[in-house]
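Please examine the structure shown here and follow the explanation below through its strands and one of its helices.

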Amino acid sequence: MKPLLLALVLLALALVSALFLALARPSTSPTTAGTELESASASELARLSGEIAALNARIDALERERRLDPGTPRTLAAPAAQPERAAAGLALGDPRWYLEQYVVSCADGGEGSEYFRLAVDAYVVDLKAPICELVASSARPEPLRAALARMLGRPRFRGDGEVQAALLSVLRDKAGEILHVRALEALDAIGDRGALPALEGLLFGLESKKARDAGLALVLKLAGDDTNGTLLRMFVRAPDDEWRQLLIRLLDGSDLDAALQLFVRASSMGQPMRLAGALKIGQFPAQEFRDFVADWVRIETDEEVLRALRNAQKQQTTIPNWHALKATGAPDADPRRDNPNAWASAQADMGIQWLELTYGSPTRAFGVRVYEVCSAGAVAEVRARNATGDWVSLWKGTASSNLAGPLWIEFPLTSFDVRTLRLVLDTDRTPNWNEIDAVELVGPAGGQWATHASASSTYGAAMPERLEGNGRALLRGR
């Protein structure tokens, strides 16, 4: 890192010296000395000052990068022989000239000039359009496209449709692993739900395992509350049984209607699909799933699938410890210690988690009482579904809480009847298990307890999978 910083500092000093000489140079035409010198000096000052400011900003950025990753050595190669700027119509300091030179330096398929890469990186916002064009062009060298794709992962481009389209176009190419992964990493940093429909279809065409892993993780991230709906759409389009089995195993408790539709489809397919569905459906104890399994058992002919369905029926009738359904009804857990009668996430400190609760009598509401267990203080947001099915944030913040009594959260009276509530927890806020025993919905008509619950994860249940060998390996919880 030191040689790089030294080179940039020397370059900055050279520019300062050039500025001094430009201002001190006498006029060659005494008759126009006053006006021409003033005009030339102002122009030179503006140009060189701009380059000095850009270099200083880059030096600051590199110094920050060095502090974050001091073990990464970097060297700055001297720029190659530079073509005449006038031939391209680009002046010194024009960002497009730096991009042009970087493209030329990558022409042989190598990584190109570090000097010009740094310059392009510094001007990436100004160069967005030509960079997007280069990233999307399959005629360009992959190392160049990969380096430019990484630059597009700036927070400044979050939600930018042009940038997302360029990165998605990379995934349509039969490109190498590095280029696909760089594009997915950039999409992970700046992508929004607008990229999800295209990504759902493109994922199946990725040949590299690492790219599939990254792509699937991104799909689930962008899906958010619609995880099961996304999995259902992908299940319909999946190219083979290995993909379909993986999608079944990824189902969670976020959208029970979509999950049930996927199980119905699986039950009418070949034995591998029916077996995968039978092995998973036991994790869904809601009554509609119990009824479906009972109907399925009556028509199933394969003995292995039948055994899995009967085991699923046992699972559905016995609510496991720490399951989301433990948060239904009135509180019945000791709040002072870890308690199996409360819901707990798959791990103690695993970032954002959620508990979704359904109430039997939809009503307008102005508050909730949350009965926390073991460790308090993780509740970060309260959401409710409105009449159109969209999530509305009722309250968001940091709640001061202890285990001496329920956490009371008050919000303005809702304009719609609340049937489904989602409690969002930041489990990293407080150490140990942030468990929930019960959540009372309170409104003008009084309070009521939840009749059904699902969650982002549950202690003791299988953790979400990652793609391994086209879907063969599991990451399981403890």
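Arginine 385 has tryptophan 391, in strand 4, as its bridge partner. Strands, like helices, are DSSP runs numbered from the N terminus (E, at least two residues, for strands; H or I, at least four, for helices). Strand 3 (residues 379–385) pairs with strand 4 in the antiparallel sense over five bridges; two strands count as paired if DSSP finds at least two bridges between them. In the hairpin that these strands form, five residues lie between them, and glycine 389 takes a positive phi near 90 degrees.

This is a predicted model, in which local features need pLDDT of at least 70 and side-chain atom pairs count only at pLDDT 80 or more, whereas totals for chains, interfaces and linings use all residues. Residues are numbered from 1 along each chain as its sequence is written, and side-chain values use heavy atoms, with hydrogens and water left out.

Strands of a sheet pair through backbone hydrogen bonds, either parallel or antiparallel. Here, eight strands form an open sheet with antiparallel pairing, in the order 4-3-6-1-8-7-2-5. Strand 4 (391–396) and strand 5 (407–410) each have a single partner strand and stand at the edges, so one side of each lacks a neighbour in the sheet. Elsewhere in the sheet, strand 1 (residues 352–363) and strand 8 (residues 446–455) run antiparallel and are joined by five bridges. Threonine 358 stands opposite histidine 452 of strand 8.

Helix 9 (residues 177–190) has 14 residues. Its buried residues (under 20% relative accessible area; exposed is over 50%, partly exposed in between; 1.4 Å probe, protein chains only) include Leu179, Val181 and Leu187.

Note on methods: Expected span 1.5 Å × (residues − 1).
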